Each structure stands twice: as structure tokens, then as C-alpha cells.
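Visitor: Could you walk me through this structure before I start picking at the details?

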Amino acid sequence: MATNAIDQTRRMLSLVTYLRERPGAHVSDVARAFGISEDELIADLNVLPMCGTSFRGGDLLDIDTDGDRIWWHNPDDVAEPLRLAADEATALLVAARAVATLPGLREGDRQALLRATAKLEAAAGEAAGASSRLSVTFESEGGVFADVDRAIAERRRLWLRYYSPGRDELTEREVDPIRLFAVGHTYMEAWCRLSEARRTFRLDRVAEIKLLDAPSDPPPVELRDLSEGLVQPSAEDPEVVIEVGPGGRWVAEYYPHDSAEELPDGGLRITLRTPDPATLRRLGLRLGRDGRIVSPPVLADSAREAARQALAAYEE
């Protein structure tokens, strides 16, 4: 079952209490108790050491695992009463008020957040007054995130107008959301009814979004392991060859590739794989004189034609 961001946060908060009471707990037992896979539990455990009681990085949760048992080395330190500096209290209050205004936030969660904010205001004293003079306005991605999170929680289908940079066009589609995740940007993994396949959508490329009354019913899919990054080419993906000069060597650093052969002029001949070669047309334009797409020929011709059209537009 897909887990939305709020449910995962609840689980991780409960996990802290659970582990405090069970030092050396077995990974299999904890995963069974929370109704998740061991891989999901390990992913949570990888996040917890980045959490703690100070925005400055002190008093972080010292939790680790050897793959069989879980050890929390500083539960007593973290359990001490929380003391916030004025700037920490201000940042927390501003963030809490901003999150409370997000569209799509479940009312129960909104009320719980407002109650916690009120308690924090009372404890913060003068810092609360300073925070009231600050506000945060979320960009459109925040609203999209809230709608996707709500759709996952309520198991509802979504309608999107989505910008595809590889094709440079807006498309309309209905999708059954599977999960939200962040790898540099925030993404939604979903079953796309237009392509009848699993697709990944970057939230800041969603031009418009609507929750539909139709139930979300994605087919069973195995969630990808994203620990190695979002782009993980398959051996079955089409092969693309790009030649770059010295100014384009950065391509080998940013794109996973099969090989990068040195060229006499100090450049590289890079061979890589991608499920959608058309998405690399923009790379060809970006490289300009620093590189060119060699194969497949259709992609090379497409990149050259796009360059000619761009040049013609400038001349006009």
C-alpha cells in the first residue's frame, strides 16, 4: 500500500517511542509491528539520524542498525526537556502557520497543528510576537503537493495538465497516484491512464491539477529503489551516443553512462541509455558548440532541426 507523507511522519514519530522502549529490537519484529516491509523500515531509519531537538544540528537521534537489530545510543539525551532559542521558536512558528494554510490538508491534522502552535506561542513569549510579523507564501508546488497527498490518502484519481520538457508541450492526463518522494525535486509516482504505464511527474511541472471523484486503482507495481537516484537506466533502454568537447565534459558527471572515451581534442565520446531518448534533445541544444548527438540518427536530426528553428526565431 502506498504511504502518503503525513502518514509516514506519523509512523516515524511512533517509531521513536517504540524504539526507546525496546533497545536492540529486531528489524523484522519492528517492521511487522508497523505493517511495513523491512526495506521501508530501513529507509525510515536512514532519515531518523537527521532528526533531533535542535535546528542547529545538535542532539540528533543517534540510531543505527546492523541489518538485524536496531540500536538507539542517546535516548536519554534527546528525552531532556526541549529548549528553543528565540530564532528557533520564530522559525518553527512561521513554518507551522504556513503549513496550516496548505490546501488539501486534512482537517484533523490542521486542528492538531493549530493546537500545537498555540501551545508553542504561549511558551515562546516575545518570540511569538516576532513570528506573527513574518509570513511564508508557498509556490504552486505546495498546493500540488497537498492535492497529491490528499489523493493518495483518499484513494482518488487526479487530472493533470503537465509540461513535458522533452517534447516541449503540455499534455492532459488522468493518473492514479502511487507515492510522493523527493530526489532533489519533489515527484509523484503514478499510473498514467494516457500511456497505460507507470510514470514519474515532477511537481513543479504540473500546470494544473484537480481531484476527481473516480477512485484511484493503480495496478500492483513493485516500488523502485531510489537509493541510487531517480535516473537508473536499464540495459534494455535505447543507447544514445554524444560527443562533447572540453567544455562539455560535465555531461559525464551529471548523466549516468555506460562509457566515456577520451577524444583527441580533450573531449569525450559518451555512451548512455535512457527509456526516452527524446528527452536528451534539450541537452543537445544546451551543449551548442560544446557537443553533438551522434546516434540514434533520428534524435540527432531532431536536435539539429530544433537548433535551426531556434536560430530562425532569433533572426526574425
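Guide: Here is a short tour, beginning with the overall make-up and then going region by region.

Visitor: What should I know about the model and its numbering?

Guide: This is a predicted model, in which local features need pLDDT of at least 70 and side-chain atom pairs count only at pLDDT 80 or more, while totals for chains, interfaces and linings use all residues. Residues are numbered from 1 along each chain as its sequence is written, and side-chain values use heavy atoms, with hydrogens and water left out.

Visitor: How many helices and strands does the protein have?

Guide: The protein has 11 helices and 11 strands; helices (H or I, at least four residues) and strands (E, at least two) are DSSP runs, numbered from the N terminus. Of its 316 residues, 36% count as buried, where buried means under 20% relative accessible area, exposed over 50%, and partly exposed in between, with a 1.4 Å probe and protein chains only.

Visitor: And what share of the contacts comes from residues 24 or more positions apart?

Guide: Such residues account for 57% of the contacts in the protein with a separation of 6 or more, a contact being heavy atoms within 4.5 Å.

Visitor: OK, helices now. At what angle do H2 and H3 pack?

Guide: Helix H2 (residues 27-34) and helix H3 (residues 38-47) pack at about 100°, and their axes are 9 Å apart. Axes here are lines fitted to C-alpha atoms, for helices over the stretch in contact, and angles run from 0 to 180 degrees between N-to-C directions. The two helices H2 and H3 are therefore roughly perpendicular to each other, given that angles under 35 degrees count as roughly parallel, over 145 as roughly antiparallel, 65 to 115 as roughly perpendicular and the rest as oblique.

Visitor: Which residues in H2 meet H3?

Guide: From H2 they are Val27, Ser28, Val30 and Ala31, which meet Glu38, Leu41 and Ile42 in H3. By class, this contact of H2 with H3 has five nonpolar, one polar and one charged residues, with Ala, Val, Leu, Ile, Met, Phe, Trp, Tyr, Cys and Pro counted as nonpolar, Asp, Glu, Lys and Arg as charged, and the others, Gly among them, as polar.

Visitor: Which H2 residues are buried?

Guide: Val27, Val30 and Ala31 are buried in H2. Seen down the axis of H2, its buried residues fall within an arc of 100°, so they line one face of the helix; the arc is that of the directions from the helix axis to the C-beta atoms. An α-helix has 3.6 residues a turn, so residues three or four places apart point the same way.

Visitor: Is Asp44 buried or exposed, and what does it touch?

Guide: Asp44, which lies in helix H3, is buried, with a relative accessible area of 0%. Not counting residues up to four places away in sequence, Asp44 touches Gln8, Arg11, Met12, Leu15 and Ile36.

Visitor: Switching to sheets: in what order do the four strands of the open sheet come?

Guide: The order is S9-S10-S8-S11, with antiparallel pairing; two strands pair if DSSP finds at least two bridges between them. Strand S9 (259-262) and S11 stand at the edges, each with a single partner strand, so one side of each is left without a neighbour in the sheet. The twist averages 20° from one strand to the next.

Visitor: How many bridges join S9 to S10?

Guide: Four bridges join S9 to strand S10 (residues 268-273), and the two run antiparallel. Glu262 stands opposite Leu268 in S10, and Ser259 stands opposite Thr271. S9 and S10 form a hairpin with five residues between them, and Gly266 in the turn has a positive phi of about 90°.

Visitor: Where is the cis peptide bond?

Guide: The cis bond joins Ser295 and Pro296, with omega at about 5°, and Pro296 is found in the loop between strand S11 (291-295) and helix H11 (297-315).

Visitor: What about Glu196, then: where does it sit, and what is its phi?

Guide: Glu196 is in the loop between strand S5 (185-192) and strand S6 (197-202), and its phi is near 55°, a positive value in a residue other than glycine. Glu196 is partly exposed, with a relative accessible area of 46%.
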